[in-house]
Amino acid sequence: MEEIDIILETAKEQMQASIKHLEKELLKIRAGRANPAMLSSVKVDYYGSQTPLAQVSNISTPDARTLQVQPWEKGLIADIEKAILNSNLGLNPQNNGEVVMINIPALTEERRKDLAKQAKAEAEHARVGIRNARKEANDEIKAIDGISEDFQKDGEARVQATTDSFVKKIDEVYEKKEAEIMHV
């Protein structure tokens, strides 16, 4: 039935959005390697407005344990340093007058476990998003006027199959991130 196909397509889009959000959130969780995405939440005071760090500088990784922030205006170095310190990321920036260098400390076993828990919590948030999309789709199928019970059951079964495939994708993304975090 065409209505069920439309409902299923909408549910798939919502579920895909949950996975994209999960991947974006997991990028922020550091796994021992330097990654410019670690600084995505840092905002710098730029002419009176809070501006994302990536919009006022170039962020690069010269090696696996170092982030380098090259501001486009040298006058921003002190503001960038202050913003990174105030971001509660546990990073200690140093500047040499040209760039801000951030050494990423090696993770302790305890910190790795904390980060793995954080990743698991993000995965659970994504699962909740997928279950909500499933519930909405099932409610919409039940609300279709004049639908036979067989079509309704078939639609619900298709929604469940889609839900299962997306939950499996979340598990794969989480397991990959957990392995990355726990790898010494």
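# A walk through the sheet and helices

Strands β5 and β6 pair in the antiparallel sense over 3 bridges. Before we go on, know that this is a predicted model, in which local features need pLDDT of at least 70, side-chain atom pairs count only at pLDDT 80 or more, and totals for chains, interfaces and linings use all residues. Residues are numbered from 1 along each chain as its sequence is written, and side-chain values use heavy atoms, with hydrogens and water left out.

Helices (H or I, at least four residues) and strands (E, at least two) are DSSP runs, numbered from the N terminus. Two strands count as paired if DSSP finds at least two bridges between them. Strands of a sheet pair through backbone hydrogen bonds, either parallel or antiparallel.

Back to β5 and β6. Across this pairing, Gln94 stands opposite Met101 in β6. The two strands form a hairpin with 4 residues between them, and there Gly97 takes a positive phi near 90°. On its other partner, β6 pairs with β4, again in the antiparallel sense, over 4 bridges. Here Met101 turns up again, as the bridge partner of Gln68.

Now zoom out to the whole sheet. In what order do its strands lie? The sheet is open, has 4 strands and runs β3-β4-β6-β5, with antiparallel pairing. At the edges you'll find β3 (57-63) and β5 (93-95), each of which pairs on one side only. Neighbouring strands are turned by 25° against each other on average, direction ignored; for such angles, axes are lines fitted to C-alpha atoms (for helices over the stretch in contact), and the angles run from 0 to 180 degrees between N-to-C directions. At the β3 end, β3 and β4 (residues 66-71) pair in the antiparallel sense over 5 bridges, with Asn58 standing opposite Gln70 in β4. Helix α2 (residues 77-86) packs on this sheet and touches β3, β4, β5 and β6 (100-103). Contact here means heavy atoms within 4.5 Å. The direction of α2 makes about 170° with that of β5.

What about the two faces of a strand? In a regular strand the side chains alternate between the two faces of the sheet. You can see two faces in β6: Val100 and Ile102 are on the covered one, while Met101 and Asn103 are on the uncovered one.

There is another hairpin to look at. Strand β1 (residues 43-46) and strand β2 (residues 49-52) pair in the antiparallel sense over 4 bridges, and Asp45 stands opposite Gln50 in β2. This hairpin has 2 residues between its strands, and Tyr47 takes a positive phi near 50°.

Leaving out residues up to four places away in sequence, Thr51 touches Val42, Lys43, Val44, Tyr46 and Val56.

Tyr46 also has a ring partner. A search of the whole structure finds 1 aromatic pair: the rings of Tyr46 and Tyr47 have centres 4.8 Å apart and planes at 70°, so the pair is edge-to-face. Rings of Phe, Tyr and Trp (its six-membered ring) pair if their centres lie within 6.5 Å, and planes under 30 degrees apart count as stacked, over 60 as edge-to-face and the rest as tilted. Tyr46 is partly exposed at 25% relative accessible area, whereas Tyr47 is exposed at 69%.

Finally, the longer story of the helices. Two packed helices are described by the angle between their axes and the distance between the axes. 

Take helix α1 (residues 2-28) and helix α4 (residues 149-182): their axes come within 10 Å and cross at roughly 10°. The two helices are therefore roughly parallel to each other (angles under 35 degrees count as roughly parallel, over 145 as roughly antiparallel, 65 to 115 as roughly perpendicular and the rest as oblique). Residues making the contact include Leu8 and Ile19 of α1 and Val159 and Phe166 of α4. The charged end of Lys169 sits over the ring of Phe166, 4.6 Å from its centre; that label needs NZ of Lys or CZ of Arg within 6 Å of the ring centre and within 35 degrees of the ring normal.

How do α1 and α3 lie? The axes of α1 and α3 (residues 109-143) come within 9 Å and cross at roughly 170°, so these helices are roughly antiparallel to each other. Among the residues that meet here are Ile4 and Ala11 in α1, and Ala119 and Ile130 in α3.

Methods:
Buried means under 20% relative accessible area, exposed over 50%, partly exposed in between (1.4 Å probe, protein chains only).
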